[in-house]
Every structure is written in C-alpha cells, then in structure tokens.
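Welcome! Try each task before you read its solution.

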Amino acid sequence: MTRVFLDFHNPLSKRDLIILGASTLIAGSIYLLTSYFFFGVGFPLDESWVHLTFARNLAQHGEWSFRPGIPSAGSTSPLWSALLAIGFLFNLTPYVWTYFLGLSIMWALSVISEVTARRLVKTYITVIPWVGLFIIVEWHFLWAAMSGMETLLHALIATVILSALMLNSRRYLTLGFLTGLSIWVRPDGLTLLGPLVLAVLFTEKDSQSRMRGVLQVGLGFGALFLFYLLFNLLIGGAPMPNTFYARQAEYAASQRPLVGRLGELFLKLLVGPSFLLLPGIVMWMVRSIRERSWGSVLALIWSIGYMGLYVFRLPLDQHERYIIPALPIFFLIGFLAIISFTSGKTFGRYQWFMSMLWKASLGIVTLLFIVLGARAYAEEVALTEQEMVTVAKWSALNLPPEAVLAAHDTGALGYFDQHPLIDLAGLASPDVIPFIRDEAQLAAYLDGKNVAYLIVYPDLYEKLPLGREVVYVTGGTIATKEGYPRMTIYRWK
C-alpha cells in the first residue's frame with residue numbers, strides 16, 4: 001500500500017488518512033444535523049461572534065477592531081480571528097468556513113495523535129487508526145471543533161509540541177517557534193515553555209548542549225512572542241489582550257474555595273470516556289518514570305498543571321472549555337496504556353479478555369456520548385440563537401440608531417448590530433476592568449457615556465437593572481424550559 005510520511009517521520013497510509021477524514025466529516029455532520037433539526041445552525045457560545053466580528057473588520061476594513069474605526073485588543077486569539085477573516089474574502093462566513101476550519105483542525109489533531117501512538121507503542125499495529133478515531137468522536141473535541149472558537153487550534157499546537165517531546169525530538173528551534181505561535185492563539189500558550197525548557201535540560205547530556213538547546217528554544221519562541229507583545233501594546237496599550245485582564249478581574253470576586261473547584265474538576269473529568277482512561281494514565285506515568293521517559297512525564301505534568309491553573313484562576317465554564325487544550329495529550333497518554341496493555345501479562349491467560357473488555361467499554365461509552373454531546377450542542381446553539389442573536393437582531397431593527405448600548409454579552413451584538421456599544425465584560429471596553437464588578441462605579445460610568453439601553457440577563461447584576469423600564473425580553477423556549485433568565489433590554493435613561 002502507498003505510504004505517506006508525516007511529522008515525526010512516522011508513516012500513515014492514505015487509507016488511514018481517508019478513514020480519519022471521512023470520520024471527521026461524519027462526526028461533524030451529526031452535530032450539525034442535530035442542531036439544524038433541533039433549532040437551526042449556529043454556535044453554542046456568544047464569544048464565537050466576537051472572533052467573527054474582528055475577522056470581518058479585518059477582511060473588510062483592514063483594521064483590528066471590534067467596532068470599525070476603533071482599534072481594540074479585545075480578541076484573545078489574533079491568529080484564529082485572522083484565519084476566520086479568510087472566509088470573508090470568499091463569502092463563506094459566518095458558518096461554512098468556520099466549521100471547515102474546526103473540522104480540519106480536528107482531523108489534524110487525530111493524525112498527530114495516531115502518529116504519536118504508533119511511534120511510542122511498537123506493538124500498535126492495526127488496520128484501523130483507533131487512536132485517531134477516538135480523538136475525532138470524543139465529545140469535548142467534537143464540541144470544540146463546531147463551536148467557532150480557537151480552543152481546538154490551541155489544543156492542536158500544544159499536542160504537536162508535547163508529542164514531539166514524548167518522541168524525544170531535538171528540534172528545539174521549531175518547537176520554540178510553535179510555542180511562540182501558540183500565544184497568538186491563546187496567551188496561556190506561554191505555559192508550554194516550561195516542559196520544553198525542562199525537556200532540553202533533562203535530555204541533553206552536557207552543559208554546552210543544554211545551553212545550545214535553551215538558546216534555540218528562546219530564539220524560536222522570541223521570534224513570535226516579541227511581535228505579539230508589540231501588537232498588543234500598539235493596539236491596546238498593554239502587553240496582553242484585554243481578555244487576559246478582564247476575565248481574571250471579573251471572576252476573582254466570585255470564585256468558590258479552591259478545594260471545591262478541584263473536586264468539581266475531578267468529577268467533570270469522569271463525565272464521558274475519560275474515567276476509563278484514568279487507570280491507563282496512571283499506568284503510563286509509572287512506566288515513564290521507571291524508563292526515564294521524561295518527555296511523557298513532562299507532557300502529563302503540563303496537562304494536569306494546565307487544568308489546575310485554570311481551576312485556580314477561572315471557573316469551570318461550558319463543558320470545561322478552558323481546559324480542553326490539555327485534554328488531547330491527557331487522553332492520548334491513557335490510550336497509550338490501553339494499546340500497550342494488550343501485549344502485557346498482568347492477567348495471564350485472561351489478558352486478552354481484560355484488554356478487549358477495557359477497549360469495548362471505552363468504545364461504547366465514547367459512542368454514547370456522541371449522541372449526548374450532539375444533543376447538548378444543539379440545545380446550546382438554540383440558547384445562544386434565541387437569546388444573544390435574537391436580542392442583537394431586534395436591537396438593530398428597533399432601537400434608535402444613535403442610541404448607545406451597554407451589554408455584558410457583546411459577541412452577537414458586535415456582529416449583527418452597529419450601535420455604539422459599551423462592553424461591561426471589558427473585552428472591547430477595557431476602561432471598565434478596574435471596577436468590573438463594582439455596580440455603583442459601573443452605573444456612574446454608563447451615565448458618563450450617555451448610555452441609553454442596558455442589555456443583560458436580569459440575574460447578572462443585583463442593582464443595575466433595578467427600577468429600569470423593560471423594553472424587550474426574548475421569548476426563548478430553551479431558557480424558559482430550563483428555568484434560565486431571558487436576555488432583557490432595559491431603558492437606562
């Protein structure tokens with residue numbers, strides 16, 4: 001059979017690539033069709049429209065802005081917004097190009113994972129690329145691919161870097177460059193420097209080689225990181241995007257005790273097939289330490305540390321989306337143990353039976369969560385469309401064109417409505433970050449900006465909506481069914 005060579009010099013057949021490609025399309029189609037017949041096509045997050053708004057302004061006006069003519073550092077992911085902008089040049093947005101990008105990235109992630117497994121486990125000889133298929137149908141990744149967000153792109157870059165370390169790659173300049181590139185996707189790509197530098201120190205045998213390796217990492221990383229800092233300084237006046245500061249400021253006042261959050265993370269990791277991979281993750285970690293396979297140890301430490309960092313700084317949001325970039329390498333390590341288990345002798349003559357039981361259980365649970373995940377995705381798309389998108393389209397048609405609006409969820413408003421807009425979340429209006437949860441200062445700020453209408457969920461603020469005239473309330477069926485508040489437009493003055 002014809003062979004093609006991919007990164008890490010590991011061959012995959014054209015048949016393998018076709019299987020993974022076809023599976024990606026089928027999995028994506030299941031989510032899209034479920035969403036379409038449930039309510040319609042869309043995105044499960046309001047933030048998706050933030051990226052699309054930046055992308056549209058870049059493509060149509062050649063500027064980095066949320067509102068045309070007003071430069072803004074409100075995009076967490078400049079690279080993702082730039083990739084989305086390509087779709088506007090060919091009239092493929094907001095949906096076709098965005099879904100295509102997400103599914104293409106998921107296919108690439110599945111290929112990298114399959115390549116890594118075949119290189120690390122020599123006994124993994126199969127006619128079906130099981131590891132890659134698992135990545136495609138795992139519900140976290142499928143949801144992320146169809147979300148319109150940068151999450152899976154960050155996961156892909158992190159997985160490429162950490163897989164290279166697991167394979168003892170010494171391409172330090174390239175890996176440093178990829179780490180710098182990851183920051184253009186999310187600022188927390190900076191954390192990948194830790195395992196990369198440590199891998200150099202653990203792998204190289206003498207001081208000169210270590211110094212040379214660290215220098216190469218620094219050169220590759222700095223080539224992109226310095227431009228990233230300059231980009232943000234020129235546009236927003238700070239080294240990081242507004243979101244970096246705004247999210248932490250907003251959530252700092254409402255965080256629960258750390259122990260409770262760690263417990264919640266652990267329980268949520270048990271949702272889906274991941275609980276079946278946890279024994280394998282422990283097994284591979286023990287094996288890696290015994291064999292001094294520091295790349296695998298560092299990859300797992302980074303994955304756990306990354307999840308812990310987000311639990312420490314931010315809440316566990318929709319499907320733990322902030323920690324999804326750490327999950328591919330986390331799950332891959334568990335899968336490596338499963339495919340190694342087949343050739344082991346732990347259970348003697350019952351080894352084959354126990355191996356098949358483990359694999360079958362993982363397969364059944366994974367397939368079950370495709371259905372459950374598709375349903376959850378469809379409901380979240382419907383909720384976003386019925387609340388954020390509906391209120392944005394209504395305000396565009398019914399509010400006076402000169403009226404200044406203030407809102408907390410500004411993604412759809414930025415895309416569908418062209419009113420002057422104050423962003424209470426601080427992404428496009430960084431002035432509010434210092435007092436982002438101080439309602440008295442917020443009210444005074446809105447008065448000073450001559451805000452005419454406030455658009456928020458009624459329970460988001462205790463005092464801001466009190467006594468305000470209700471102008472419009474969405475009629476969303478999902479919010480009503482689930483007992484959620486509905487997006488409301490209040491007359492501010």
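**Exercise 1: a charge over a ring**

Lys 393 sits over the face of Phe 416, 5.0 Å from the ring centre. Find the Arg that lies over the face of Tyr 322.

Solution. Start with the rule: NZ of Lys or CZ of Arg must be within 6 Å of the ring centre and within 35 degrees of the ring normal. Then look at Tyr 322: Arg 321 lies over its face, at 4.7 Å from the ring centre.

A note before going on: this is a predicted model, where local features need pLDDT of at least 70 and side-chain atom pairs count only at pLDDT 80 or more, while totals for chains, interfaces and linings use all residues. Residues are numbered from 1 along each chain as its sequence is written, and side-chain values use heavy atoms, leaving out hydrogens and water.

**Exercise 2: a tilted pair**

Classify the ring pair of Trp 49 and Tyr 415.

Solution. Step one: rings of Phe, Tyr and Trp (its six-membered ring) pair if their centres lie within 6.5 Å; planes under 30 degrees apart are stacked, over 60 edge-to-face, the rest tilted. Step two: a search of the whole structure finds 28 such aromatic pairs. Step three: the centres of Trp 49 and Tyr 415 are 4.9 Å apart and their planes are at 50°, so this pair is tilted.

**Exercise 3: buried or exposed?**

Decide whether Trp 49 is buried or exposed, and do likewise for Tyr 415.

Solution. Buried means under 20% relative accessible area, exposed over 50%, partly exposed in between (1.4 Å probe, protein chains only). Trp 49 has 0%, so Trp 49 is buried. Tyr 415 has 11%, so Tyr 415 is buried.
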